[in-house]
Amino acid sequence: MVSTTEGRVQGVVALNALPEQEFRDLLLACCHAPGWAAALAAQRPFPAVAALLDAADAALATASEEDVDTAVAAHPRIGERPANAASRREQAAALSADAAVLDDLAAGNRAYEGRFGHVYLVCASGRSAEELLAVLRSRLDNDPVTERAVLRRELAAITRLRLERAVGDASPVRAGIPS
């Protein structure tokens, strides 16, 4: 049995060796979309990390609206202290902002949720609170169809980052294992 450490495995070989439930749990920690996780689980084994990432992108692109809504609902608001370690890491730069910017983000989050009915989802990794606030404000002008497409792209970007981190630093190419 292969076990995960802090939600990580080392490379695609270890990922493929995970028991079914552990594999799904790892996927759901990256993107809390059960249908998406089931679609990926059905495609194992993956020959390389790149194949996993491509399959994840494809499965998310065709995920049901219900699955996307479930995934989005699992994300905290930008600028609030997340309980989830992955979200804390991704929002680290934004969370260091001054109180005025965080207050503006909170107000923007409320406006966004009022307009679109779900949290403002953006790939926050490495981005400042000021940048995230500017993106939020620009997205408030989107119509619902356009915003849904943007939301799906942002969810895919977040999921890809989390999957890359979950597979660990020893991907097959970096570890010298042929992909």
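Cys30 is buried in this predicted model, at a relative accessibility of 4%. Cys31 counts as buried too, with a relative accessible area of 1%. The structure holds zero disulfides. Cys30 takes part in none, and its nearest cysteine sulfur, that of Cys31, lies 8.3 Å away. For Cys31 the nearest cysteine sulfur is that of Cys30, at 8.3 Å.

Not counting residues up to four places away in sequence, Leu163 touches Leu27, Cys30, Trp36, Leu52, Leu53 and Ala56. Leu163 is one of the residues with the most contacts inside the largest nonpolar core, together with Leu15, Trp36 and Tyr120. That core has 49 residues. Two or more residues come from each of helix 1 (11–17), helix 2 (20–30), helix 3 (34–41), helix 4 (49–61), helix 5 (65–73), helix 8, helix 9 (129–139) and helix 10 (144–167). The core lies between domain 1 (9–74) and domain 2 (76–165), because both give residues to it. In soluble globular proteins, nonpolar side chains tend to be buried together.

Ring pairs link Tyr112, Phe116 and Tyr120, and the count of aromatic pairs comes to two. A pair of aromatic rings is described by the distance of the centres and the angle of the planes. For Tyr112 and Phe116 the ring centres are 4.8 Å apart and the planes stand at 50°, so this pair is tilted. Both residues sit in helix 8 (residues 99–116), and because they are four residues apart, about one helical turn separates them. Tyr112 is buried, with a relative accessible area of 0%, and Phe116 is buried at 13% relative accessibility.

| Residue | Relative accessible area | Class |
|---|---|---|
| Cys30 | 4% | buried |
| Cys31 | 1% | buried |
| Tyr112 | 0% | buried |
| Phe116 | 13% | buried |

Arg44 lies over the face of Phe23, at 4.1 Å from the ring centre.

Definitions and conventions. Residues numbered from 1 in each chain as written. Predicted model: local features only at pLDDT ≥ 70, side-chain atom pairs only at ≥ 80, totals over all residues. Heavy atoms only, no water. Disulfide = S-S within 2.5 Å. Buried < 20%, exposed > 50% of the residue type's maximum accessible area, 1.4 Å probe, protein only. Phe/Tyr/Trp six-rings, centres within 6.5 Å; stacked < 30°, edge-to-face > 60°. Lys NZ or Arg CZ within 6 Å of the ring centre and 35° of its normal. Core = buried A, V, L, I, M, F, W, Y, C linked by side-chain atoms within 4.5 Å. Domains from an automatic or database assignment. Contact = heavy atoms within 4.5 Å.
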